Amino acid sequence: MQHNPIGIFDSGVGGTSIWKEITQLLPHENTIYLADSKYAPYGKRSKAEILELSVKNTETLLDFGCKIIVAACNTATTNAIKELRSRYDVPFIGIEPAIKPAAIHTKTKKVGVLATKGTLSSELFAKTSDLYARNIEVIEVIGAGLVELIENDKIDSPEMQSLLSSYMNPLIKKNIDYLVLGCSHYPYLIPILKKMLSDRVTIIDSGEAVAKQTKAILERTALINTNTKLGTHSLYTNENVVILEKILKSSASSYAVNKLDF
């Protein structure tokens, strides 16, 4: 099992931001990534639909022999990971908005969270906010339309600029000093966000933390790959291969991209 791949899935190409962190921290691990772009974004779907899609992705990754599964999707984590852990024997790693570090370090006591509706309305997000941000004003912004633009190769488009401006302006007026990204697609927007926000605003995403947690679980369960060769990486999409290839162009890892009906 040690040489079996790490399985990673997201509702589209955004979870490659998590994949990049994992492959950078664990260069000897093999990976399988599923970009479920056909059904993206999960954030506007019902809890039942999110669970159904997460089960589908999990079983596809298990068919590939994956030894551990990373739900590189905030919405899937907050709505389905508890059920996934009860159904399957493999370890699961989830991703949720990094409210805790923002709440600990904020000076203005005002933190912005940019996420999908499915994440912000979830029970897990509510519990996390209640636990770590009781004395903090958390300004939640639903990033409607952002995932769709990223999935359609429009990161640098006028539409993206306009949409992000409309979401950031209220947060700027509120004097936030931390912006928490609650969707794995959103790290690809950091260059644009930095131009909109002042240097006093720190942007936090969960990618590095997820990679560290993946490593810790692999070590704890004796599943870490002891091979000294660099890992092999296969990424699959059920939509446009070109979009996935473009989003991966800055990756230092070698990989293969393929179309797969799942």
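Q: How much accessible surface does the protein have, and what share belongs to carbon and sulfur atoms?
A: About 12100 Å², with 50% of that on carbon and sulfur atoms. Those areas come from the Shrake-Rupley method with a 1.4 Å probe, and for residues only the protein chains shown count as cover. Keep in mind that this is a predicted model: local features need pLDDT of at least 70, side-chain atom pairs count only at pLDDT 80 or more, and totals for chains, interfaces and linings use all residues. Residues are numbered from 1 along each chain as its sequence is written, and side-chain values use heavy atoms, with hydrogens and water left out.

Q: OK, what share of the residues is buried?
A: Of the 262 residues, 55% are buried. Buried means under 20% relative accessible area, exposed means over 50%, and partly exposed is in between (1.4 Å probe, protein chains only).

Q: How many helices and strands are there?
A: Eleven helices and ten strands. They are DSSP runs numbered from the N terminus: helices are H or I with at least four residues, strands are E with at least two. The radius of gyration is 18 Å, close to the 18 Å from the globule rule for 262 residues, so the protein is as compact as a globular protein of that length. That radius is taken over C-alpha atoms, and the rule is 2.2 Å times the number of residues to the power 0.38.

Q: And what does the C-alpha trace span?
A: About 50 × 40 × 35 Å along the principal axes.

Q: What share of the contacts is between residues 24 or more positions apart?
A: That share is 75%, counting contacts with a separation of 6 or more. A contact means heavy atoms within 4.5 Å.

Q: Switching to helices. Which residues of α1 are buried?
A: T16, S17, I18, W19, K20, I22 and T23. That's seven of the ten residues in α1 (16-25), so the helix is mostly covered.

Q: What do they pack against?
A: The buried residues of α1 pack against β1 (6-10), β2, β3 (68-71), α10, β9 and α11 (241-247).

Q: How about α6, which residues are buried there?
A: In α6 (123-132) the buried ones are F125, T128 and S129. Seen down the helix axis they fall within an arc of 100°, so they line one face. The arc is that of the directions from the helix axis to the C-beta atoms.

Q: Why do residues three or four places apart point the same way?
A: An α-helix has 3.6 residues a turn, so residues at that spacing point the same way.

Q: What's exposed on the other side of α6?
A: E123, K127, D130 and L131. The buried residues of α6, for their part, pack against α3 (74-87), α4 (99-105), β5 (110-115), α5 (117-120) and β6 (137-142).

Q: Now loops. Is S37 buried or exposed?
A: S37 is buried, at 12% relative accessible area. It sits in the loop between β2 (31-35) and α2 (47-63). Leaving aside neighbours within four places in sequence, S37 contacts G12, V13, E151, T237, N238 and E239.

Q: Which residues does the cis peptide bond join?
A: It joins A40 and P41, with omega at about -5°. P41 is also in the loop between β2 and α2.

Q: What's the phi of N175?
A: It's near 65°, a positive value in a residue other than glycine. N175 is in the loop between α8 (158-173) and β7 (178-182), and it counts as partly exposed at 34% relative accessibility. A222 has a positive phi too, about 60°, although it is not a glycine. You'll find A222 in the loop between α10 (207-220) and β9 (233-237).

Q: And D199, buried or exposed?
A: Exposed, with a relative accessible area of 82%. D199 lies in the loop between α9 (190-196) and β8 (202-204).

Q: Where's H3, and what does it touch?
A: H3 is in the segment before β1. Not counting residues up to four places away in sequence, H3 touches N30, N225, T226 and N227. H3 and N225 are 222 residues apart in sequence and 5.4 Å apart in space, C-alpha to C-alpha. H3 is partly exposed, at 45% relative accessible area.
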